[in-house]
Amino acid sequence: MSESLLSLLIFVPLIAAVVILLLPKTLNGSLKWITLGTTIIQLILSILVMLKLDWSAGAPVGVNNQGNFQLVENHQWLNLDLGSLGTISIQYFLGLDGLNSTMVLLTAIVMVIGAISSFEIKDKRKGFFALFNVLSATIMGCFMALDFFLFYLFFEFMLLPMYFLIGIWGGPRREYASIKFFIYTLLGSIFILIVMIGLYTSVIDPAATAVKIGLTESVENITTENVEQVQEMLKVNQIKPENLVRTFSLISMMDAENYIPGSIFFKGEISSFFRENARLIAFLLLFIGFAIKLPAVPVHTWLPDAHVQAPTAISVVLAGILLKIGGYGILRIPYSIFPEGAIYFSWWIGLFGVIAIVYGAFVALGTHNLKKLIAYSSVSHMGFVMLGIASLTAEGINGALYQMFSHGIISAMLFLIAGVVYYRTHNLEIENYKGLISKMPVYSAMVMVAFFASLGLPGFSGFIAELFVFLGAFKSESANGLIPIWMAIVSTLGLILGAAYYLWTLQRMYLGNFWAQKDLAVDQLTDLSSRELIMFVPLAIITIVLGLFPHLLLDMISPSVNYFVNFVESTGRENLEIILQAINK
Amino acid sequence: MNLSLSDKLNHILESISSLYAEGWLAVLFIALIIIELFLSNKKKLILGLVALIGLAFNFFLIQKAGTSHEAPFMLGLLTIHKGTIFFKNLFNFSGILVILMMMFSGDKKQEDYKNYGEFYSLFIAIILGLNLMTMANNLLMVYLSIELVSITSYVLTVFKFDKKGAEGGLKYLLFGTISSGVMLYGMSLLYGFSGSLILSEIAIQLAHVPTVPIIIALGMTFGGLFFKISAAPFHIWTPDVYEAAPTPLVAFFSVAPKAAGIAVLLTFLQGFESFIQDEKAIIYLLGFVAGLSILIGNFSAIWQKSAKRMLAYSSIAHSGFLLLAIIPFSASGYSSLYFYLSIYVFMNFASFLFIQFFEEKSGDDQMEKMQGLGLTNPLTGILITVVMIALTGLPITAGFTAKLFVFSSLWEAYQNSGEGFMLALFLFGLFNTLIALFYYLKIPFFMFFRQNENQHFTVQPLQTAFLILLTLPLLIFFFKPDLLTGFFNAFLF
């Protein structure tokens, strides 16, 4: 079973979805329990995965070497023969390293919370829970896939359940919000698809090609000499086109030796419409594609709409995990495949990160709707992820990954907070409430934990994350000269503004004497039920534990991140030099 | 060919071995008329059965005739090229689906049976015409086979015998004759330039003619073909005809004549390959038509309220995508074309089958009336959502794979030639998926997002099974596209 642990993470919810669809109507009451059970199984599985992974010093770190991933599952899925153009190989290829293992854990945690939160769903439950499980499977798949096709399949298929979940069970403007979400993210997917098509037609799988031209018997007993031999032959055009095995494997795409000379993404001198910029343009397209998902300003506008309209459980999943696919995708795909872009565009990425931090915070300060406020605070926090990534220092990227995990937990809490009020009164206008603390003390305590964690108070996970991002951002100018120090300084403004909008909201909504707008069902405003408490408490504990013991997470992330930073920076600079030389010629 | 009469006769007799399928269709055509004379109105369902068995048997004949003649036969009138057998199978398969759709349609009135004989026999004639189109190697043969298809199509369009049908049929006839005229004029120019009707001979002769007149002549000839595949700007008839004609036939119109038009286009392009390689104007023309079709199809489809009209415009857009698959002029392009066409058959028949069921229950095909249908009939709702997702071109359906192949071959053409034009088409086509999403999602949108307590739509189990059979391949061929591509590769490479 341990060989297919990762597959189980994907297929358990899928099977649950099918079971839910097949159950007779009389058992509709049990659907939520099935879903909860599934997510708990997923959580147990992912904890098992974490225990199985080797975290000791010198353990394999992954990133760009297939052998260094852990729990790898690699099966041939498709081998399409294209005659004179060789074959296309698509693999069912899953694996974990420091970049994605924490994301898998986060997904499992947040999905459990989401499942408990969806107990509130009262109508059309069958559809809801089936879609919820499909969503869960696609998210898991997206984080673990190491084959571009497989990744894209999960990435894009995720939109469908999300579209229906927002569109059917959402708030009053759900129809608008769901289609806006779909169109925006599909636009991002198209950017990614463009590069994907370009990549797989440019890149070969050296191992499979070696088998095809008869250097060795099978892929299993391939040696590094074989691979090098194939790459040498490729360079001098010795391999006949029909023997080339084109691949979608992300790992093969990260090695510049696997590019067919003359193909668009081959680094160096080529003649094409893009000219020598092709790789930089490809980086940009991929980056924009993922930035829409993240979301970065100015392509963030789908997020507030989707969040405000989505049912609580879906908001939790959306903010808690879906946004992280954007951040993770940036690291795994554009940064790893086109590292020169990471160097070349770092200033701009940093700038947009800073803009997101400050702009998101300002809008959050001005908004009147609690859910919208949280949505914009997400925009602001995702800005930190971008800034950390842009700095391309070990601290910055550790911080970005830490921020993704921490924000996943905290934003889940924040949307639950909004959900609690919405469930009772169906109104989220901040000025309609005052002094909720006197009516709902336990709830307000949770609110304080979440707010303080989110604004980055020491002792909570948000603080560690932002601290690392700032360390990276400040260090960058002297260490690698990628982003200027003023960006780090300006982005500290985000912290102050964050404190401002959270504390102000706290003051307006929760502190003081109780008052509520008289149209509202005031008597509904009861304190947390035990079901709600079960959701809040673990999240609160996790954010505090991660605030006090950051090494729990950093031990998992940092070996891979250190390797990743070295890899991206060194190959990036090397490639960039070649490209710039070719451009200037 | 200056052969003596007996040589000619021998040649013709020898050629017949490649025409079993067509001969059988001709026999079937006549047989259906004759059988109809002896049947009372009640028993006319038998006709469908006869046609069904006839077409099923035809599959066997198609494989048998296969690729027995590589060189032109029947005195150079016909030829069998690599794709012929694929196209014939496709027409035959679509034909079977149409007849099944006719038999599956629910509540029929007595008088509906009255014209069954004519319907089926004329329908067989269309398939015959389509088969001949894919084999035509001679301008006259091209024209005759296209007209055989067109004239029977005009007649069949009005087979509902209502006002709308008459309007649609008349429009079809008027636009059809005009575009036939244009095509005929182009062909006469080609004949005038070269003194020959046989494509390969024309291609040789054209070397001595200035290019501009050739481009004009070819452009006019292609006009008629664009009309058949309803590519912009020759698309205007499409929505009206789709709205007017009987639904099973519309499903057929949206697939088979389109494939045949593409096949003839391929014959022309392959015949004039050297000319086109030197003179890019024809490729630009095709690219322009493809882009325009995608654009017009997509933007018009957004505004439609009737499902059939929406699918009519969508079929215009899909013609554009089919043309995109031709433009690279490469083996992978053709392979992607065949894949696209095969998937297209399933997508379109599935959606029109659903519309047929819906129309029978609710009286028309307004998408608004599908409100709440997915909530009362979840299975149908899910199936149609899958079909619409496939039409948009998203995973996990084969619609995505088909588009991926088309765009990959375009990219490769760009990579090999470095022509920005290919890249522009590539990007243009991809971004149009975004617009397509907007209107294809309308049907699932009404089905699931809007409540309607009065939604009484129901389907019988057998009808659902038919729908599943058409939808399932869309998923299967996503996970296992090699099942299909293996079939093409056998004769492509």
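Biologist: Is B:Pro395 buried or exposed?

Modeller: B:Pro395 is buried in this predicted model. The reason is a count: B:Pro395 has 23 other C-beta atoms within 10 Å, and 20 or more makes a residue buried.

Biologist: Thanks! And where does B:Pro395 lie?

Modeller: Look in the loop between helix 18 (378-392) and helix 19 (398-417) of chain B.

Biologist: Which residues is B:Pro395 in contact with, leaving aside its neighbours within four places in sequence?

Modeller: From chain B there are B:Phe400 and B:Phe478. From chain A there are A:Leu153, A:Glu156 and A:Phe157.

Biologist: Let's go to the two chains, then. How many residues of chain A are in contact with chain B?

Modeller: On the chain A side there are 32 residues, and they are in contact with 30 residues of chain B.

Biologist: Which elements of chain A give two or more residues to that side?

Modeller: Those are strand 1 (70-81), helix 5 (148-157), helix 6 (159-169) and helix 7 (174-200) of chain A. Helix 7 of chain A has the largest share, with 10 residues.

Biologist: How do the residues of that side of chain A divide into nonpolar, polar and charged?

Modeller: The side of chain A that touches chain B has 19 nonpolar, nine polar and four charged residues.

Biologist: Changing topic: which residues touch the most other members of the largest nonpolar core?

Modeller: In that core of 413 residues, they are A:Met413, B:Ile124, B:Tyr340 and B:Leu410. From chain B, domain 1 (1-271) and domain 2 (280-493) each give the core at least three residues. As general background, nonpolar side chains tend to be buried together in soluble globular proteins.

Biologist: Nice. What does B:Ile124 touch, not counting residues up to four places away in sequence?

Modeller: B:Ile124 touches B:Leu25, B:Leu28, B:Phe29, B:Leu32 and B:Ala51.

Biologist: You brought up the domains of chain B. How far apart do their C-alpha centres lie?

Modeller: The centres of domain 1 and domain 2 of chain B lie 23 Å apart. As for contacts, 41 residues of domain 1 of chain B meet 39 residues of domain 2 of chain B.

Biologist: Which helices supply at least two residues on the domain 1 side?

Modeller: In chain B, they are helix 4 (84-104), helix 9 (211-228), helix 10 (238-244), helix 11 (247-253) and helix 12 (256-271). Helix 4 of chain B gives the most to that side, with nine residues. By class, the side of domain 1 of chain B that touches domain 2 of chain B has 26 nonpolar, 11 polar and four charged residues.

Biologist: Stepping back, how many helices and strands does chain B have?

Modeller: Chain B comes to 23 helices and zero strands.

Biologist: What about contacts in chain B between residues at least 6 apart in sequence?

Modeller: Of those, 79% join residues at least 24 apart.

Biologist: Why does A:Lys124 count as partly exposed?

Modeller: Because A:Lys124 has 16 C-beta neighbours inside 10 Å. A:Lys124 also has a positive phi, near 50 degrees, and is found in the loop between helix 3 (101-117) and helix 4 (125-144) of chain A.

Notes. Residues numbered from 1 in each chain as written. Chains lettered and ligands numbered in written order. Predicted model: local features only at pLDDT ≥ 70, side-chain atom pairs only at ≥ 80, totals over all residues. Contact = placed C-beta atoms within 7 Å. Helix = DSSP H or I, 4+ residues; strand = E, 2+ residues; numbered from the N terminus. Nonpolar A, V, L, I, M, F, W, Y, C, P; charged D, E, K, R; others polar. Core = buried A, V, L, I, M, F, W, Y, C linked by C-beta atoms within 7 Å. Buried ≥ 20, exposed ≤ 12 C-beta atoms within 10 Å, placed from the backbone. Domains from an automatic or database assignment.
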